[in-house]
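Student: Please pick one part of this model and go through it closely. I would like the cut-offs stated along the way.

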Amino acid sequence: MESLYAITTGVLTACGLYLVLRGRTFPVVVGLTLLSYAVNLFLFSMGGLTTDGAAILDGPSDYADPLPQALVLTAIVIGFAMTAFVVILAMRARSEVGNDHVDGRRSEDGEDRP
Amino acid sequence: MQHLIVLPVVLPLVAGLLLLYRRQGALRIKRLVGVIATALLVAVGVALVARAAGGEVSYYALGGWQPPFGIVLVLDRLSALMVLLTAVLALGAVVFACAGDDERGSNFHGLFQWQLMGINGAFLTGDLFNLFVFFEVLLLASYALLMHGGGKARIQAGVHYVVLNLAGSSLFLIAVGVLYGATGTLNMADMAARLSELPAERAGLVTAGGLMLLVVFGLKAAILPLYFWLPRAYAAAPAPVAALFAIMTKVGIYAILRVYSLVFGAPAGELANLEQAWVWWLSLGTLVAAGVGVLAARDLRLLVAYLVLVSVGTLLAGIGMGSPAAVSALLYYLIHTTLITGGLFLLAELIGLQRGKAGTRLVRGRPLRQGGWLAGLFFIGAVAVAGLPPLSGAIGKALLLDAAEGGQRAWLWPIVLGTGLCALIALSRAGSTLFWRSQGDILGHALPRRQWFGVAWLLGAAPLLVVLAGPVSDYTRATAEQLATPEVMINALINDAGDTP
C-alpha cells in the first residue's frame, strides 16, 4: 500500500508542478489545486500509514496517529479558501488586462499555434 | 497579567471583527477603531518588551494544553521586539491611511487589523504548524490589501504574488510533514530536544525538511533567486500597505532566525547551522542584484522597493555570519530599516500626489507646492537608508561590518559598501530630478496633516535610534545571546511548567 500511496502523491505533485509552470492562468489554478491535493495526501501519511488501527486512542491497542488528521483538515480548509480566491483573482485579471496570460502580455512567439 | 502574551493576536482579531459592522460608510468610527486598536497594540508591545527584557522565557498554553502537546505562544526578547516594531510601523501606516487611502476600496481597516494579527501570531508562536497557519492569515489579508483600490498594475502584481505564495505554502506543508515524520513533534522546542538524539538514518530526512523550510522562508524574505515578485508588488501596492509590507520580508527573516537558531542550534549536533553557508552566499548575491536594481529603477516607488531588497540582503548576511555579534547588529539594522523604508514608501506617495501627472516617475514634472518640507524629509530618509552618518543606518552598518570575521570581511565589506554607494547615487539622482528639474505651474494641493504625521512618525526613528543607540544595542545584544543559547527556551517549555492560564 505504501508504494501505491507514494506513487499517487508523486504523480499528483509532478502534474501540479508542470501545470503551475504554464503560461496561462487557468492551468496555473488547476496546477495549484493538484499541488494542494498532493500535499494533503502527503500530510495525511506523514505519521506513517496504519491499517486496521483504532481511529481514536483506546487502550493499548494499535491506533492511527490523530495529529495528521487534524492537520490535514486545517490544510484542506485553508487550501479550499485559497483556491476560491485565486479563481476570482484570475477572472479579475482576465477582465482588467484583456487576456489570461500570467504576465498580462498579449501574445508571444509560438503562442498561437494550434 | 498572565494573558498579556495572547493580546497581540486577540486585540487585532476583535478589532477586525468590530470593523466588519458595515461594508461601506461609518468611516469616522472605523478610522477611530482602527487607530485606537493599533495604538493599544503599541502599548501591549511596550509591556511585552518590558516583560521580556529580564531574559525570562515565558509561554502561554492555548486551551491549557501543556507543551509539547498543545499549541503555545512563546515570549522571549526577539518576539517581544518584533511585536513592538510591527505595532510602531502599523501606527504610522494606519494614520496615513486615514487621510483618504482607506476610502478607495471596502474594509481597509478590518483587513489591516487581520494582517497585524497574522504578523504578531507568526512572531509569537512556538509551533511549526501554527506558524504555517499564521503565515496563511497574514498572506490572505495581504492579498486583499495589495489589491486595495484595484487597477491593472495591482491585479497583475497580485497574480504573481498570490500564485508564488500558494506554491510556497504547499512547500511549507511538505517540509512540516517531513519534519513531523522524522521527529514526531511539531513544537519547535520539543523538536530541538529530539534532534539531539535523532537516529542517524533519519538525518537525511531532517536535512531535506530543514532546507525546504529555508526555501519557504527565503520566498517570504525575498532572497536572491526568489525575490522577483517583490519590486513589482511593493511598487504597485497602495502607500500605507506598502509601508506595512516593509515588515513582511522581516517575517521571513525572523522565521529563519528563529527556526535555525532554536531547532537547528548547537544541540542538534551534526545538523547544527545547516542553513548558514546557503544564506551567506545567497545574501551576498541578493545585495549585488539589489544594487543593480536600485541603479536601474526609473520610478521612486520601485527605487524604494529595491532598497527593501538591499536591506534584506544586509540582514541575511548577518544571519549568514551567525555569530552573536552579527545577530545583534542585524537586529539593530532590522529596526532601522523596517521603519525607514516604510516611511520612504509613504513619502514617495506624498511626492507623487503633488507632482500631478508625472507621479513618482523620475522625469521632469511640475514643481511641488510643499517642496521644501518634502525635500527635507527625503534628505533625512535618503541619508538614513543609504547608511551615511550621523543617522541610524550608519550605526547599523558599522556594527554589522565590525561583526565580520577574517575571510568574511573580504566579501562583506566591498559588497555592502558598494551597494551603499549605488543607493547613494540613485537617491541623489532621484532627489535632484524630483525637486529641481521642474517646469510648469504648481498644481498640487496642500497635503493633509495625517499624512505628514505618518511620514514624520516613521522617519523620526532615524534620529531617535541614534539618540537611543546605547539602550537599543544593549537589548539586541542580550537578544542575540538568548538566541545563541536555545537550551534556556527548551528547558522553559519542555522541562518545567511555566505560568499557565
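Tutor: Leaving aside neighbours within four places in sequence, Val6(B) is in contact with Tyr60(B) and Leu73(B) (C-beta atoms, placed from the backbone, within 7 Å). This is a predicted model, in which local features need pLDDT of at least 70 and side-chain atom pairs count only at pLDDT 80 or more, while totals for chains, interfaces and linings use all residues. Residues are numbered from 1 along each chain as its sequence is written, and chains are lettered from A and ligands numbered from 1 in the order written.

Val6(B) sits in the segment before helix H1 (7-18) of chain B; helices are DSSP runs of H or I with at least four residues, numbered from the N terminus. Pro324(B) lies 318 residues from Val6(B) in sequence, and their C-alpha atoms are 29 Å apart.

Chain B also meets chain A through a helix pair. The axes of H2 (residues 25-44) of chain A and H6 (residues 152-183) of chain B come within 9 Å and cross at roughly 15°; axes are lines fitted to C-alpha atoms over the stretch in contact, with angles from 0 to 180 degrees between N-to-C directions. H2(A) and H6(B) are therefore roughly parallel (under 35 degrees). Residues of H2(A) that meet H6(B) include Leu32(A), Leu35(A) and Val39(A). By class, this contact of H2(A) with H6(B) has 12 nonpolar, four polar and no charged residues; Ala, Val, Leu, Ile, Met, Phe, Trp, Tyr, Cys and Pro count as nonpolar, Asp, Glu, Lys and Arg as charged, and the others, Gly among them, as polar.

Conventions: Helices (H or I, at least four residues) and strands (E, at least two) are DSSP runs, numbered from the N terminus. Angles under 35 degrees count as roughly parallel, over 145 as roughly antiparallel, 65 to 115 as roughly perpendicular and the rest as oblique. Two residues are in contact if their C-beta atoms, placed from the backbone, lie within 7 Å.
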